[in-house]
Amino acid sequence: MGISNGRLNAHIQKYETQYENYRKSWPRYLYRHEPIENALRILQHGALLSRNAASQDSLIGSDIAPDQIIQASNAAHNWARLYFRPKNPTQYHIEGIRKPAEYYGGKHAGFTIMFMFDALAVLTLGSTQFSDGNMQSPYSTVYDGDDGFDELNFDAIYHDAAYPSQEVIRQRCAEVLAVSGLPLNGYLKHIAVRTNADFVSLEYFLGEHGLDTYLPALRQTTGSGLFFNRYTAVDHIDASPNRVNFKLSPTSSAGKIQTGIQLLEIGSRRSLYQLSNGLEGTNDTTLNMTCPRGTTW
């Protein structure tokens, strides 16, 4: 069973009082990071499914979990899984545009989306359970109810200092287990992205897929509360006739970032222009292009 309204409200009040930085808002939400491919499929489906159900319905567009971790345990594979906090260790390993040598077990989420669910709405559901750590770990325990919630060490779960112990790393991945098919309507509050370019891109994708109802939920983050920002993203992009200007955000990757641009014709998706180049991640880059005959952009 879930927890009572009173117990969760006391939890929120405690940590909003205790923290003075970005962590103040963490307890009001539950979190799920996804690559853009998966995020759009979740929004189209209108519900958050378990791994098993999503796999059965072919709704996992890009599986960002390394095989060895998934195979470690299937105890949570029939649950819709959320985290008590953003910036957890699993997100750390996959967030941002990386070079292949920097992928985690061959996986990464170059365009990372953060779903933010209403903690009160989800945790008070009668069927909700939760763990004191990563469900792929053999050391994690599943609880429910107010007494079970009291067993969770939120000072460790919300810990955000450098060089944590292995036990704190496990607890930073504490999970909320909801019944598969958790509806987005009434539970999903915000959809957060890292940059202006990510925001306008997702705004376009939502319109393209008939998902305009989610537009009011879009948020572009500032500061370090939801994302690590260790690896690059497209920071901004704008265009005018025969010119495209863009900038990549800073990155931990060494050397130049291999960058490609492709212009597609609306409707037919016919490629009008394509270019690849090695670019420094923090430089503004302007490309002057010759428009193909008979077309404009």
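Figure 1. Leucine 43 is buried, because its relative accessible area is 3%; buried means under 20% relative accessible area, exposed over 50%, and partly exposed in between, with a 1.4 Å probe and protein chains only. The model is predicted: local features need pLDDT of at least 70, side-chain atom pairs count only at pLDDT 80 or more, and totals for chains, interfaces and linings use all residues. Residues are numbered from 1 along each chain as its sequence is written, and side-chain values use heavy atoms, with hydrogens and water left out. Leucine 43 sits in helix α2. Helices (H or I, at least four residues) and strands (E, at least two) are DSSP runs, numbered from the N terminus. Which residues does leucine 43 touch, not counting residues up to four places away in sequence? They are Phe115, Leu184, Leu188, Ile191, Leu206, Leu211 and Tyr214. Contact means heavy atoms within 4.5 Å. Leucine 152 is 109 residues from leucine 43 along the chain, and their C-alpha atoms are separated by 31 Å.

**Figure 2. The surroundings of helix α2.** Buried residues of α2 are Ile36, Asn38, Ala39, Leu40, Ile42 and Leu43. They pack against strands β1 (29-35), β2 (47-48), β4 (112-118) and β9 (188-193), and against helix α10. Glycine 46 follows α2 and has a positive phi, near 80°.

**Figure 3. Helix α2 packed on helix α10.** Two packed helices are described by the angle between their axes and the distance between the axes. Here α2 (residues 36-45) and α10 (residues 196-208) pack at about 40°, with axes 11 Å apart. The α2 helix is therefore oblique to α10. Axes are lines fitted to C-alpha atoms, for helices over the stretch in contact, and angles run from 0 to 180 degrees between N-to-C directions. Angles under 35 degrees count as roughly parallel, over 145 as roughly antiparallel, 65 to 115 as roughly perpendicular and the rest as oblique. The α2/α10 crossing is right-handed. A crossing is right-handed if the near helix is turned clockwise from the far one by less than a right angle, and left-handed if anticlockwise. On the α2 side, Ile36, Leu40 and Leu43 make the contact; on the α10 side, Leu202, Phe205 and Leu206 do.

**Figure 4. The buried side of helix α10.** The end C-alpha atoms of α10 are 18 Å apart, which agrees with the 18 Å that its 13 residues should span at 1.5 Å a residue. The expected span is 1.5 Å times one less than the number of residues. Ala197, Asp198, Leu202 and Leu206 are buried in α10. These residues cover an arc of only 165° around the axis, so they lie on the same side of α10. The arc is that of the directions from the helix axis to the C-beta atoms. The cover over the buried residues of α10 includes α2, β4, β9, β10 (218-220) and β11 (234-240). Glycine 210 follows α10, with a positive phi near 70°.

Figure 5. Which residues of α1 are buried? Leu8, His11, Ile12 and Tyr15 are. They cover an arc of only 95° around the axis, which puts them on the same side of α1. On the other side, Gly6, Gln13 and Thr17 are exposed. The buried residues pack against α6 (119-123), α7 (145-149) and α8 (154-157). The 14 residues of α1 (residues 5-18) should span 20 Å at 1.5 Å a residue; the end C-alpha atoms are 20 Å apart, which agrees.

Figure 6. Lysine 87 lies in the loop between β3 and α5. Its phi is near 55°, a positive value in a residue other than glycine. Lysine 87 counts as buried, because its relative accessibility is 8%. Asparagine 88 is in the loop between β3 (79-83) and α5 (89-94). At 1% relative accessibility, asparagine 88 also counts as buried. Not counting residues up to four places away in sequence, asparagine 88 touches His33, Tyr83, Arg172, Cys173 and Phe228.

**Figure 7. Two exposed loop residues.** Serine 58 lies in the loop between α3 (51-56) and α4 (67-70). Is serine 58 buried or exposed? It counts as exposed, at 52% relative accessibility. Serine 58 has a positive phi of about 55°, although it is not a glycine. Alanine 162 lies in the loop between α8 and α9 (166-172). Alanine 162 is exposed, with a relative accessible area of 57%. Phenylalanine 149 is 13 residues from alanine 162 in sequence and 26 Å away in space, C-alpha to C-alpha.
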